[in-house]
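Please keep the structure at hand while reading.

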Amino acid sequence: MGQRDVPRHVPEHVLKDVPKDVPKDVPAEAVTPLIRGIAVLRELTEANGALSLSGLERATGLARSTVDRITATLARMGYVRFDGRDVHLSPRLMELGNAYLSALRLPALLAPHADALADELDESVSLAVADLDGIRFIHQATRRRAMSLSFRIGDLLPAERTAPGPLFATEWTDTDWQRWRQRRAADPRDLFFTAVPPRTYGADERDAETFVRRAHEASANGWSLDDQLIEPGLVAVSVPVRAPGTDGADGRDGRIACVASVVSHTSRHSARHLRTTLLPRLRSAVRAMERELRAAPPPEPGPPPSDLARWTGTSKQQLGREFVESLARGLTVVTAFGEDRPEQTLTEVARATGLARATARRALITYEHLGLVAATGRTFALTPRILSLGFPSLSRTTLPEIAQPHLADLTSRIHESTSLAVLSESGEEIQYTARVATARVMSVNITVGTRLPAYATALGRVLLADAPTPLPGPENLRALTPHTITDEQRLERTLATVRSQGYALVDEELEEGLRSLAVPIRDRSGRVVAALNTAMHVSRRTPAECVTDLLPELTTTATRIQTDLHTASRFTRVPTT
């Protein structure tokens, strides 16, 4: 891990040679506002996604006016949001990490194999890539237990305290080993690596000798173990996944593309039991992964990014001095990369973004200096360090967390309470998962977690209209008010109408005097996974006014939630509750 990844709480004696605002030896052509914007994003990431403006000022060492302008620009881009005086990372920021993961292709190709192995073994399975002398996770298939693993996609771990580390070290050069020793000398307690508990005592030469020995054993065996090196009780076994068409170290078939690991704890498996029982199944899964890589066709050409340069220019005209255009343009460079564009020349980056060559060149120079881009000849590629920009803290985001700020914004616009709900497993009830109430003397009194019959609510009808499960039987269609639909065929016709028109309006069927309107929230496949609604007393709006006045607002908010959901769920699982 380089000095530019140092979190704010590393002791001063470690940081004495690292200026607060910019890294050392900054190239003359680097874009200073971009460096500072990256610093703000990293501090927010280290703080698990949120800091106050004054906290950012202290953490970065930047002037308050600079912090204000940077965060205003990031907010305009949708990468952060404000909650009072606090700044929160937003799911849209994940498009930067998505660009790297998409260009890498490994998560898309290998994640199904990792997930299947996790289901087969009932253990957590991860995929990791090398990041200098550390390892960084690119996929996690975790088990939901009382005692579960907390590593996230994008987390960085020291190579010597992991099972994948010795395998990656088999391909290190003398320069790589020297860099590893320098890092350990500068940070003997692993304070740079905030995803792992710091060492109680600093690492010594015996630890170094142990890691060298483990790397030799990994080279000879083709697998590696972690026997409680990160923390007591945590054990893991790892096998390398080799890339086809490459020359591997020591005459092997290919270089290591990533490492697959099965992770458990000693109450379930000892390290020896992992090796004797689970290693053969892991090796079998890795062989299937390598077949997948060999058989994978070239990616289909995708649409190029939109004219981002024009958007940043328009934003500058609208916001004036508060919009740092060089920061926004620099960040758009990352989105020029993707599955069909893993490596690009300067000309290709400029063409994809609509930026002038000189502007794109300065951004790439800055990213290369920060370790976010690697240059090979005339081409550039994103590095795993891109995942340090918000991805770990955002990769565990839930749908209610995504929706909550959008609900608050909707409620402030329409002055009515708004809610998000999902369908229960039985399909007979809805469960409220997020809610923002309006400040009225008379308002709908519902809390998160409340369950109501699906057939008699607008939220439920939106969900039932898309659900594969059968409708509640006639015995479950009780009359809650004189207006409740209790006839099964009439309910089916009503749901067909909801499906075709894209919304549900329910008038006094759940409770007399209550009128509600709901629209669907769809995942990346188009499946309805939740519903968004507003509810009010019938005296406040007629049914026609609900459709003309409120439906456009609900539809707009649903689109914004879906956009964030689709970004967040491209390479991570987003729980709906």
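With 13% relative accessibility, W172 falls under the 20% limit and therefore counts as buried. The model in which this residue is seen is a predicted one.

A pair of aromatic rings is described by the distance of the centres and the angle of the planes. In this model the count of aromatic pairs comes to seven. One of them joins W172 and F211, whose planes stand at 55° with the ring centres 5.9 Å apart, so this pair is tilted. It links distant parts of the chain, since W172 lies in the loop between α7 (164-169) and α8 (174-186), while F211 belongs to helix α9 (residues 205-221), 39 residues apart. F211 has a relative accessibility of 1% and therefore counts as buried.

F211 also pairs with W180, and this aromatic pair is tilted, with 5.1 Å from centre to centre and 40° between the planes. Here, too, distant parts of the chain are linked, as W180 sits in helix α8 and F211 in helix α9, 31 residues apart. Both W180 and F211 are buried. Together, W172, W177, W180 and F211 make up one aromatic cluster.

The cysteines are the next topic. Across the whole structure, a search finds zero disulfides.

| Residue | Relative accessibility | Class |
|---|---|---|
| W172 | 13% | buried |
| F211 | 1% | buried |
| C258 | 0% | buried |
| C546 | 0% | buried |

Key: Residues are numbered from 1 along each chain as its sequence is written. This is a predicted model: local features need pLDDT of at least 70, side-chain atom pairs count only at pLDDT 80 or more; totals for chains, interfaces and linings use all residues. Side-chain values use heavy atoms; hydrogens and water are left out. Rings of Phe, Tyr and Trp (its six-membered ring) pair if their centres lie within 6.5 Å; planes under 30 degrees apart count as stacked, over 60 as edge-to-face and the rest as tilted. Helices (H or I, at least four residues) and strands (E, at least two) are DSSP runs, numbered from the N terminus. Buried means under 20% relative accessible area, exposed over 50%, partly exposed in between (1.4 Å probe, protein chains only). A disulfide is a pair of cysteine sulfur atoms within 2.5 Å.
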